[in-house]
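Have a look at the structure first, then read on.

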Amino acid sequence: MFGRRGDRERREPVLGTPGFDGDLRLNADDRPTLPTAPLERERARTPRKTLPNKPRAPAQASRRSRHDDWSDAEEADYEDEPRMARNSRGRVREDEPRRGTGREGGRRRTPRRGLLGRLVYWSVVLGLWATIGLAGLIFYEASQLPPIQNLAIPDRPPTVIIQGADGQAIATRGEMGGTNVPLRALPPYLPQAFVAIEDRRFYSHFGLDPLGLARAVFVNLTKGRVREGGSTLTQQLAKNLFLTQERTLSRKVQELILSLWLEAKYSKNEILELYMNRVYFGAGAYGVEAAAQRYFGKSARQVTLSEAAMLAGLVKSPSALAPTRNLDGARARAEVVLAAMEEADFITPEMRRTALARPATLARAQGPDSYGYVADWVLEQVRTLVGPVTQDLIVQTTVDPAIQTAADKALKDALAKSGKKLDVGQGALVVMDTGGGVRALVGGRSYEESQYNRAVSARRQPGSSFKPFVYLTAMERGLTPETVRADAPIQLKGWKPENFSKEYRGAVDLKTALALSLNTVAVRLAMEVGPDEVVKTAHRLGITSKLEPNASIALGTSEVSVLEMASAYAPFANGGVGVTPHIIERVRDKNGTILYAYAEAGRGMVMAPPHVAMMNRMLQDVLLTGTARRADLPGWPAAGKTGTSQDYRDAWFVGYTGRFITSVWLGNDDSSPTKKAGGSGLPVEIWSQVMKAAHAGQPLVALPGSEYPAPVAAGRLPPGEVPEDPVVTGGPQRAPAAPRPSLDNWLLDKLFGNG
């Protein structure tokens with residue numbers, strides 16, 4: 001027995017000693033025991049382990065504690081060894097390893113790893129799973145892309161160059177304006193500016209910049225918001241060429257795959273050249289050439305260092321930094337680019353100081369911004385005329401740059417001068433020649449602020465400017481400008497139309513009634529000839545919008561566009577020929593092949609010449625003695641009609657000469673009332689300014705119908721006598737029969753129709 005564990009000593013058998021009988025098995029005296037009772041009990045419950053090649057202990061010793069069989073050192077040596085047992089023949093057999101057990105709880109405790117060990121272990125495990133997951137994600141996203149062998153750089157989207165009537169370019173449209181510029185043709189500091197600010201290690205990475213990405217992540221985390229991006233120029237090009245702008249993990253993975261493909265297939269300079277010719281620079285400019293032309297009025301081959309820095313700085317946020325709307329922001333960003341270029345040793349400190357002393361300035365616009373409305377409408381027409389745009393096109397229009405500039409200026413000047421006072425926020429106008437060619441089109445006060453084309457797309461109530469269609473319908477049914485009708489109160493199913501002055505003149509001839517825009521007479525005429533017939537007349541002359549055939553049609557309550565009104569007045573100016581408004585003369589491809597040419601001479605006669613003469617005499621009086629007396633076009637016979645809708649929501653003037661028709665509208669986009677802005681005010685002033693510019697240097701042309709003498713006032717009633725009115729008791733009644741036409745009117749009706 002040993003008192004302490006450390007004092008125990010192993011006894012080994014000694015061979016060749018006296019009394020040795022060859023039995024190597026331990027006896028009971030050879031087995032030291034521990035006094036610990038719990039340990040004994042525990043070992044008693046545990047199957048005994050036998051050392052390999054050791055003789056079996058005597059039977060009486062087997063009843064002792066298993067712990068007594070071995071020392072601690074022996075147990076440690078053999079704890080994980082296979083258990084050895086003897087079969088029935090006394091042979092030793094190998095059993096499975098003994099499962100680890102502990103001494104306290106009956107189960108062996110696994111050695112504890114330290115904190116660092118556990119951290120390393122789980123890092124390896126998680127890293128392994130993350131690698132597997134990433135590989136799977138990359139494989140999946142790659143399967144969603146076209147096969148690599150089929151990938152190719154998309155062709156540059158087609159460009160549509162829009163020219164004025166003089167052949168000079170006035171606008172460019174398409175997904176990507178401008179032309180490709182070779183990298184070697186650019187000043188060296190222009191591509192260097194992009195590399196310095198967007199991707200400093202562009203020439204050393206393989207499409208993905210781990211250092212740049214790590215820096216961006218660090219900066220964004222420390223700043224608490226996204227301040228820097230980790231995308232390389234190659235990644236940005238891959239996104240622009242093949243992918244959408246959505247910010248998703250799927251798109252980023254595909255972007256990475258495509259970047260690696262670009263780096264493998266193209267040289268660094270080829271990638272940079274593609275990038276600079278495809279990236280967006282704001283204000284509708286795609287590519288460095290289009291941007292240089294848009295902002296500086298010069299080719300990218302000629303930009304200065306300060307201009308190059310501004311262009312490179314725009315790609316970070318082109319819409320917000322476009323110098324046309326944020327010149328200060330664009331200049332501040334250019335200073336950052338210059339600092340980056342100096343830091344990258346692309347420029348010297350002296351070059352930077354010179355560039356800062358001479359910051360980039362915007363070139364003066366070559367034409368009014370209202371060319372944007374023209375270009376948008378032209379592009380819509382091109383798709384209708386020649387189909388989808390799949391190649392570069394040159395479109396020559398009917399637009400006269402001088403008239404367009406005058407129209408844009410007239411509208412802007414009028415709104416700047418009186419718009420706030422009269423609470424008028426918008427306006428639109430169309431200038432058309434007598435063949436239907438649009439010579440100027442302004443769709444709003446500022447294309448930069450709003451691209452909505454109010455001249456073509458908006459529908460507004462024309463007010464009294466619609467009355468000529470009512471009077472023409474009456475002329476075609478036998479009435480003349482000298483025909484007398486009553487200017488007196490009238491009631492139609494509770495509706496009581498009134499004159500603007502709230503006064504009534506009694507018996508008046510139609511010429512006076514139209515010149516003074518008497519509402520009661522116009523309503524009486526509409527009911528006399530029938531609202532349906534008035535609608536037919538308006539549609540025949542050129543109105544295409546839906547018109548409601550009711551009594552109020554006489555006062556212009558159905559909505560129409562500015563373009564439609566100009567088109568419908570054209571037959572008055574050209575002698576009765578219907579026109580189709582058009583703005584495109586011809587379309588050619590880049591090789592000069594004509595794909596489309598306007599050939600329509602007109603829609604034929606829509607109005608008899610005598611009726612044209614009658615209408616022109618009446619509408620001429622509107623400018624001489626009526627509501628448009630403020631019209632100013634010296635030396636030119638002109639005619640037209642003003643219009644004001646209810647509550648002064650819309651103000652119109654449509655006037656014409658033997659050469660041009662101009663339709664002007666003013667109002668607010670939300671149809672809110674103005675502060676008494678009527679057709680006889682600002683619209684007439686704008687019309688006068690535009691028409692003076694349009695007629696400058698033009699040979700005089702008389703209004704059609706001047707060769708027809710004024711008819712004898714056969715229909716005039718004696719003074720004080722009022723014609724009999726139709727009885728109106730419960731709303732609109734059937735219109736009375738039209739007067740029996742004379743022989744000439746009967747013949748004209750048979751030739752040209754009466755409705």
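1. Helices here are DSSP runs of H or I of at least four residues, strands are E runs of at least two, and both are numbered from the N terminus. A caveat: this is a predicted model, where local features need pLDDT of at least 70, side-chain atom pairs count only at pLDDT 80 or more, and totals for chains, interfaces and linings use all residues. Residues are numbered from 1 along each chain as its sequence is written, and side-chain values use heavy atoms, leaving out hydrogens and water.

2. Now α18 itself (residues 519–529): eleven of its eleven residues are buried, so the helix is largely enclosed by the rest of the structure. Buried means under 20% relative accessible area, exposed over 50%, and partly exposed in between (1.4 Å probe, protein chains only). Among those buried are Arg524 and Glu528. The cover includes α16 (467–475), β8 (484–487), β9 (506–509), α17 (510–515) and α19 (531–541).

3. His582 sits in the loop between α20 (562–574) and β10 (584–589). His582 is buried, at 10% relative accessible area. Leaving aside residues up to four places away in sequence, His582 touches Thr398, Gly435, Gly436, Gly437, Val438 and Tyr598, contact being heavy atoms within 4.5 Å.

4. Ala238 belongs to helix α6 (residues 233–242) and is buried, with a relative accessible area of 0%. Its C-alpha atom is 9.2 Å from that of Trp261, 23 residues apart along the chain.

5. Leu116, in helix α3 (residues 115–144), counts as exposed at 62% relative accessibility.
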